[in-house]
Amino acid sequence: MSPDPRPIPVVSGTEPGAGHYAEFIAHPANFMMRAWRECGELAEFDLGGARNILMVGPDAHEAVFRAPDDQLSAAEPYKYMVPVFGEGIQYGAPLPIERQQVKFLSNSLRPDKMKGYAQVIAHEVEAFVADWGDEGEKDFYDEFKELVLRTSTHCLMGQEFRTRLSDEFGTLFHDLEQAISPQAMVDAHSESEVFARRDKARARLQDLLMQAVGERRREGGEHPDMLDVFMNAHYADGSALADELIPGMVVWIMFAGFHTSSNTASWTAVEVARHPELMAPVVQEIDAVHRPGTDLSFAGLRELPALDGFVGEVLRLHPPLVTLQRAVLRDFPYKGHVFEPGVVLNMSPYVSHRVPSSFPEPERFDPGRPAPANVFAAIPFGGGRRKCVGNAFALLQVKSIFCALLARYELEPVDPPDSYVDVMPSLILRPSEPCRLRYRRRA
Ligand code: HEM
């Protein structure tokens, strides 16, 4: 263990034994904002005895994303996901296997598959809003959770599964999700009712998904969904991905993509409602490529730069993943410091996206702001080898939703605009509830 030659400022307010755990657990994004404001680019904090460093800004991101896996490990800090995905999957598998499994996921999201998903999503979204009438009020957090569950299960497991099982799937998934909390980061196996429910839900999902795999194996044929890709996946040595691991792949991809996408959609709706003055270019370009009641093509969705800018700004200010962690396995030098094995490094999109040198007037919602000069400044989807493999799919979903919605409706807040704030009851950031918005058919 090498001593750090220069001290890093420690965030104030530690408690004996627990360090900053209580404040962190209450709202990780707010805690890290305070840490940055108080200490600057590097801030040290303590989560129940584990030494953590917050590293803010593009230089830090670049250094961390470029480090090899045997120096900075993603598996160590995220091992609380193993009971959720299962042994043998992702961080429950050795690194070379995990890397190949990520490839299976990205194969299921190839551009040729995306065209089919775009159609599925467009149908689902059109059907979802078809009976909304001329005006009304809805909780857009609940609505988009339901909608993205439908679109995701449909693209992932096909029409049959989506109609038959998405309700139960949603409930089981909710039980898994409740167990992803700051508490799990400290001990994911402690005696707790939440973790017991997680294990029960995971076992039921294993059964349900194995049944679906079994039916497909018996019936044969090709299917245009992600399950089909997993059922035909082979490792580099020619061996097949075992059927017993397929449920874990499904849970993994759902976990990575479901709430991240639905929360982004909810925050987009809130920002649309709060910023009518910014909507003209977005609506004009949607009207140029889309008529309500028709399915928007994959090509059409790609021609929406103003909507892209709008969603990009939502992801800057409300990135669903507020901290990306790596554990140091080998001494990691950075700007005159040396972080020793055991230290956990935290990169926070939430904090780094508010650094004025990268994003002038950072709290202003400005979809037209130029992209920062440094490509490592904006990291809603991470970066480097572990960059999100589902970013194009996520944007496809969110853009499809807003094409269908904004082609028909205008939105406005029901509650005072400033009352919609970022909350973190789990590790994924989302808008506060109630997330009520009023919609009215466009003139
Ligand atoms: C707005 C939606 C999304 C956001 C903000 C998001 C964000 C991220 C981030 C920040 C990472 C990197 C984590 C790290 O470095 O520690 C990541 C990784 C990943 N994401 Fe996403 N994601 C989104 C949607 C999706 C979707 C829809 C899928 C799949 C369909 C997906 C699949 C993955 C996978 C498999 C990884 C791990 C990649 C690896 O380890 O190499 N994500 N995501």
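**Ground rules**

I number residues from 1 along each chain as its sequence is written, and I work with heavy atoms for side-chain values, leaving out hydrogens and water. The model is predicted, so I take local features at pLDDT of at least 70 and side-chain atom pairs only at pLDDT 80 or more, while totals for chains, interfaces and linings use all residues. Helices (H or I, at least four residues) and strands (E, at least two) are DSSP runs, numbered from the N terminus.

**Entry: the sheet**

I looked up the strand order and found an open sheet of five strands, β1-β2-β8-β5-β3, with mixed pairing. Strands count as paired if DSSP finds at least two bridges between them. β1 (42–47) and β3 (72–73) are the edge strands; each has a single partner strand, so one side of each lacks a neighbour in the sheet. I then checked β5 (residues 324–328) against β8 (residues 344–347): the two run antiparallel and are joined by four bridges. Ala 327 has Val 344 in β8 as its bridge partner.

**Entry: helices on the sheet**

Helix α2 (residues 28–39) lies across β1 and β2 (50–55), at about 135° to β1. Helix α3 (residues 58–66) lies across β2, β3, β5 and β8, at about 130° to β8. For such angles, axes are lines fitted to C-alpha atoms (for helices over the stretch in contact), and values run from 0 to 180 degrees between N-to-C directions.

I checked the length of α2. Its twelve residues reach 16 Å from first C-alpha to last, close to the 16 Å expected at 1.5 Å a residue; the expected span is 1.5 Å times one less than the number of residues. The buried residues of α2 include Phe 31, Met 32, Met 33 and Trp 36. I use buried for under 20% relative accessible area, exposed for over 50% and partly exposed for in between (1.4 Å probe, protein chains only). Gly 40 follows α2 and has a positive phi, near 95°.

**Entry: α14 and its surroundings**

Which helices and strand do the buried residues of α14 pack against? I found α11 (246–274), α12 (280–289), α15 (349–352), α16 (391–408) and β10 (422–423). Contact here means heavy atoms within 4.5 Å. Among the buried residues of α14 are Leu 307, Phe 310, Val 311 and Val 314. The 13 residues of α14 (residues 305–317) should span 18 Å at 1.5 Å a residue, and the end C-alpha atoms are 19 Å apart, which agrees.

Next I took α12 against α16. Their axes come within 9 Å and cross at roughly 100°. That makes α12 roughly perpendicular to α16, the class for angles of 65 to 115 degrees; under 35 degrees is roughly parallel, over 145 roughly antiparallel, and the rest oblique. Val 282, Val 283, Ile 286 and Asp 287 of α12 meet Phe 402, Cys 403, Leu 406 and Ala 407 of α16.

**Entry: salt bridges**

How many salt bridges does the structure hold? I have 37, each a side-chain nitrogen of Lys or Arg within 4 Å of a carboxyl oxygen of Asp or Glu.

Arg 204 and Glu 168 meet at 2.7 Å, N to O. This pair links distant parts of the chain, Arg 204 in α9 (residues 193–219) and Glu 168 in α7 (residues 140–178), 36 residues apart. Arg 204 is partly exposed at 33%, and Glu 168 is partly exposed at 29%.

Asp 175 and Arg 197 form another salt bridge, with the closest N and O atoms 3.9 Å apart. Asp 175 is in α7 and Arg 197 in α9, 22 residues apart. Asp 175 is buried at 18%, whereas Arg 197 is partly exposed at 35%.

Lys 399 pairs with Asp 308 at 2.8 Å between the closest N and O atoms. Lys 399 in α16 and Asp 308 in α14 are 91 residues apart. Lys 399 is buried at 8%; Asp 308 is partly exposed at 33%. Separately, salt bridges with shared partners join Asp 69, Glu 98, Arg 99, Arg 385 and Arg 386 into one network.

**Entry: Leu 105**

Is Leu 105 buried or exposed? Leu 105, in helix α5 (residues 95–107), is buried, with a relative accessible area of 5%. Leaving aside neighbours within four places in sequence, Leu 105 is in contact with Phe 230, Met 249, Trp 252, Ile 253 and Val 389.
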